Amino acid sequence: MSAHPSSVAVLGPGLMGASLLMALRRRMPGTRLAAWARRDDALKELKDRGLADVVSIDPAKVVESSEIVVFCVPVETMTSLAESVAGVVGPATLVTDVGSVKGQVVRELEEVFAVHRNFVGSHPMCGSEEAGLAAAREDLYEGAVCAVTPSEKSRPDRVAAASDFWSALGARVITLSPEQHDRAAAMVSHVPHVAASALVETVFASEPVCRTMCAGGFRDTTRVASGAPDLWTGILSSNRAEVARGISCLIDSLQSIRIALENNDMTRVSDFLRSAAEHRAQIVGQRAT
């Protein structure tokens with residue numbers, strides 16, 4: 001399978017799906033693009049903007065004859081949509097996704113596509129609190145870390161094809177097991193979303209002047225709390241054990257600094273802040289290389 005496939009089907013033209021169509025159109029202009037959505041107006045916009053050659057509200061028509069199929073829908077709806085198209089997916093087709101949770105998705109979609117072992121999970125780490133076609137960008141995947149998550153059932157040629165596909169779109173591919181992915185995603189994405197939402201709710205429940213005082217630091221720290229509630233409820237539900245574990249770790253850290261403040265242990269507070277600043281610089285520096 002070529003990293004520049006002859007045809008790609010994208011199911012779900014939200015932020016991730018529409019950005020994928022834009023990136024494919026720019027980087028692989030000869031590739032036939034097909035798109036599925038539930039709403040006719042979304043499909044009309046894709047056609048009008050030249051982002052898809054074939055559009056339909058029938059997912060089977062979109063998937064049929066495609067070399068690569070990418071599910072870009074919420075994780076809780078992915079399996080039922082996959083079941084609706086499994087009968088028309090060819091034996092040579094690569095099927096992948098962009099879901100934020102991998103354990104459940106990989107288990108269920110590997111079963112759906114068990115006959116030809118088409119499916120390999122993927123998660124480009126480039127989501128946003130913004131949503132929908134209007135927020136899509138053609139450079140969304142460039143430089144983004146993309147976790148490809150094979151299981152013991154995965155075919156090596158499909159894993160290689162998935163890695164090549166995301167690399168061709170400018171992503172930085174890493175390979176993780178679905179379980180490794182979900183532990184890490186909980187810590188760096190799912191728990192931060194919960195923490196940001198908790199901070200917003202804490203401020204909102206405080207005296208009104210707190211809301212008046214909110215400025216850049218509050219906006220930066222809580223940006224992700226503006227994400228779609230239904231989408232995030234599905235993500236947290238699908239990865240709830242790892243998220244709960246991550247929240248416990250965060251509570252331990254907050255409890256530690258709370259006790260230091262109550263005891264006026266400013267050495268401990270300073271060490272905590274210095275350590276966090278140094279570690280953030282390491283993480284961001286590593287991310288930038």
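Colleague: Which residues are linked in a network of salt bridges?

Modeller: Those are Arg26, Arg27, Glu138 and Glu142. A word on the source: this is a predicted model, where local features need pLDDT of at least 70 and side-chain atom pairs count only at pLDDT 80 or more, while totals for chains, interfaces and linings use all residues. Residues are numbered from 1 along each chain as its sequence is written, and side-chain values use heavy atoms, with hydrogens and water left out.

Colleague: What makes Glu142 and Arg26 a salt bridge?

Modeller: The term asks for a side-chain nitrogen of Lys or Arg within 4 Å of a carboxyl oxygen of Asp or Glu. For Glu142 and Arg26 the N to O distance is 2.0 Å, so the pair meets the rule. By this rule the count comes to 14 salt bridges.

Colleague: Why is the pair of Glu142 and Arg26 said to tie parts together?

Modeller: Glu142 sits in the loop between strand S6 (121-124) and S7, whereas Arg26 belongs to helix H1, so the pair joins parts that are 116 residues apart in sequence. Helices (H or I, at least four residues) and strands (E, at least two) are DSSP runs, numbered from the N terminus.

Colleague: Why is Glu142 called partly exposed?

Modeller: Buried means under 20% relative accessible area, exposed over 50%, and partly exposed in between, with a 1.4 Å probe and protein chains only. Glu142 has 33% relative accessibility, so it counts as partly exposed. Arg26, at 42%, counts as partly exposed too.

Colleague: How do you know that Asp271 and Arg274 form a salt bridge?

Modeller: Their closest N and O atoms are 3.5 Å apart, so they fall within the cut-off. Both lie in helix H12 (residues 266-288), 3 residues apart, about one turn of the helix. Asp271 is partly exposed because its relative accessibility is 41%, and Arg274, at 45%, is partly exposed as well.

Colleague: Are Asp97 and Lys102 buried or exposed?

Modeller: Asp97 is buried, and so is Lys102. Their side chains meet in a salt bridge, 2.9 Å from N to O.

Colleague: Why is Thr222 called buried?

Modeller: Its relative accessible area is 8%, so Thr222 is buried. Thr222 lies in helix H9 (residues 216-222). Leaving aside neighbours within four places in sequence, Thr222 is in contact (heavy atoms within 4.5 Å) with Ala196, Leu199 and Val200. A polar atom of the Thr222 side chain also lies 2.6 Å from the backbone oxygen of Phe218.

Colleague: What makes the link between Asp157 and Arg155 a polar contact?

Modeller: A polar contact is a pair of N or O atoms within 3.5 Å; within protein, one must be able to donate a hydrogen and the other to accept it, and residues adjacent in sequence count only if both atoms are side-chain atoms. The side chains of Asp157 and Arg155 make such a contact at 2.7 Å. The side chain of Asp157 makes another polar contact with that of Arg158, at 3.1 Å.

Colleague: How many residues does the largest nonpolar core have, and what makes it a core?

Modeller: It has 42 residues, and those with the most contacts inside it are Leu20, Leu24, Val70, Phe165 and Trp166. Helix H1 (15-27) is one of the elements that each supply at least two residues, and H1 gives the most, with 8 residues. A nonpolar core is a set of buried Ala, Val, Leu, Ile, Met, Phe, Trp, Tyr and Cys residues joined through side-chain atoms within 4.5 Å.
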